[in-house]
Amino acid sequence: MSSFIAVLYIISFALFIYGLMGLTGPRTAVRGNWIAAVGMGIAVIATLLTPGMGNWLLIVLGVAIGAVIGVPAARKVKMTAMPQMVALFNGVGGGAVALIAWVEFRQTHGYEHEPKYVAIASLFAALVGSISFWGSNIAFGKLQELISGRPITLGALQKPLNAALLVVAVGCGVAIAAGGSSQWLIVLLLLAAAVLGVTAVLPIGGADMPVVISLLNALTGLSAAAMGLALNNTALIVAGMIVGASGSILTNLMAKAMNRSIPAIVAGGFGGGAAVSGSGGSAEDRPVQSTSASDTAIQMAYASKVVVVPGYGMAVAQAQHVVREMAKLLEAKGIEVAYAIHPVAGRMPGHMNVLLAEADVPYEQLKEMEEINSEFAQTDVALVIGANDVTNPAAETDPGSPIYGMPILKVNHSRSVIVLKRSMSSGFAGIDNDLFYDPKTSMLFGDAKTSVGSIVEELKAL
């Protein structure tokens, strides 16, 4: 039986890795998800076949409850709420790991007669899992706007408090590893880590939320891998390390895309505040040009190249399908259409890619920032749909701006820019966008889906 279980685990790991490879492109992403899901199913079966697994009734009941909650939630969630769901489900994984670590502590009487590495791995999993669970819940609250997206801090006391909580949690872990078996030690460790998860994420503003989600996801993976080491469960080790490694790489890439270090992001204090004026003076003193759907349609109809720059405004309005319809009409007129994708556009990694893939936008038309920036100078019309901070020229021109140095989509290099927004409100960074006041920029105010729908009707009439 042990050999059979080992073979099942090897098959499941191969499917994990092969499925992950499929996630590199929209065409293979769905298939990749299914392959990885089959791999996880095999891993679960292998785990259940392990001798002495436990009470099957409770296991089946737990699986049933999880399915009843998870399947409808995943099927009914709107694409605009996908970041919240990712944060919430990721947090549940961290919480599960923390609870398993607590159970192991109780069952082994404080890891009595267990190898030292088992105690250390389990305690690491408890600490990191608890931080991930509570931090992910705060991230969910911010994304769902149940909590203000602004940085919420205790001022000068914030960092000392976080440091004290970390010291308490680590101190409890050291005491347990040294032989302490009091239940209060593990409870205090979990509580200190829980409060640390809350106080670490509360000061982080909305502009950094995509990076925070990725970071918490990586932490959950690492905690699962550690718990797998403690339980001698190969599936947990491999799956956890895959999640932890990929999440860490993604977090680093996204931090670089914002020209910010991960420690600076964790320190918080960026994004979600009231709008701060850009380099050109107060917003009230700066003129803005408005346009209409009719003028926008005419301008694009006579263009050679149009670049669509999607942002969270497109996601909120669920305008991706009508944007695709507009692109088809332009392509039918012989106009080249491309989509400029910033790594942190939206509220989670790959948010815009997911939305556009849902609307069957050809993958070849999705251009990453490094590729598309050199093409803006040859672009007749850049159509910005709800993207804000990632198109703000202040990142290049204003050393006093909070986003100075952040790589942006250089839409201001286009011959003409049309921005679709509901209002002149700021983005996640809480600063005014200098692009709106550029002489080449025209503002089309209104709901993105309605505005693009009007443009589509005008294009059909031309």
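**Rings, helices and loops: a short tour**

Let's start with rings: Tyr9, Phe13 and Phe16 are linked into a cluster by ring pairs. Keep in mind that this is a predicted model.

How many aromatic pairs does a search of the whole structure find? Four. A pair of aromatic rings is described by two things: the distance of the centres and the angle of the planes. Take Tyr9 and Phe13. Their ring centres are 6.0 Å apart and their planes sit at 0 degrees, so this pair is stacked. The cut-off for stacked is planes under 30 degrees apart. Where are these two residues? Both belong to helix 1, residues 2-22. They are four residues apart there, which means a separation of about one helical turn. Tyr9 and Phe13 are both buried.

Now a second pair, Phe105 and Tyr111. Here the centres are 5.7 Å apart, but the planes meet at 80 degrees, so the pair is edge-to-face. For that label, the planes must be over 60 degrees apart. Phe105 is buried, and Tyr111 is buried too.

Stay with Phe105, please. Two packed helices are described by the angle between their axes and the distance between the axes. Helix 4 covers residues 82-107, and helix 7 covers residues 183-201. Their axes come within 10 Å and cross at roughly 170 degrees. Are they roughly parallel or antiparallel? Roughly antiparallel, because of that angle. Anything over 145 degrees gets that name.

Who makes the contact? Sorted by class, that is six nonpolar residues, one polar and one charged.

His113 is in the loop between helix 4 and helix 5. Is His113 buried or exposed? Exposed, because its relative accessibility is 76%. Its phi is near 65 degrees, a positive value in a residue that is not glycine. Gln318 also has a positive phi, near 55 degrees, and is likewise a residue other than glycine. Find Gln318 in the loop between helix 12, residues 312-317, and helix 13, residues 320-332. At 34% relative accessibility, Gln318 counts as partly exposed.

Back to helix 5, residues 116-143, for Leu127. This leucine is buried, at 14% relative accessible area. What does Leu127 touch, not counting residues up to four places away in sequence? Ala169, Val170, Leu189 and Ala193. Now look at Leu196. Leu127 and Leu196 are 69 residues apart in sequence, but 9.8 Å apart in space, C-alpha to C-alpha.

His342 lies between strand 2, residues 336-341, and helix 14, residues 351-358. Its relative accessibility is 2%, so His342 counts as buried. What does the His342 side chain reach at 2.8 Å? The backbone oxygen of Pro407. Leaving aside neighbours within four places in sequence, His342 is in contact with several residues, including Ala257, Met369, Val390 and Pro407.

Last one: Asp398. Its loop runs between helix 16, residues 394-397, and strand 5, residues 417-421. Asp398 is buried, because its relative accessibility is 16% and the cut-off is under 20%. A polar atom of its side chain lies 3.0 Å from the backbone nitrogen of Gly400.

How values were computed. Residues numbered from 1 in each chain as written. Predicted model: local features only at pLDDT ≥ 70, side-chain atom pairs only at ≥ 80, totals over all residues. Heavy atoms only, no water. Axes fitted to C-alpha atoms, helices over the stretch in contact; angles between N-to-C directions. Helix = DSSP H or I, 4+ residues; strand = E, 2+ residues; numbered from the N terminus. Parallel < 35°, antiparallel > 145°, perpendicular 65-115°, else oblique. Nonpolar A, V, L, I, M, F, W, Y, C, P; charged D, E, K, R; others polar. Buried < 20%, exposed > 50% of the residue type's maximum accessible area, 1.4 Å probe, protein only. Polar contact = N/O pair within 3.5 Å; in protein donor to acceptor, adjacent residues only side chain to side chain. Phe/Tyr/Trp six-rings, centres within 6.5 Å; stacked < 30°, edge-to-face > 60°. Contact = heavy atoms within 4.5 Å.
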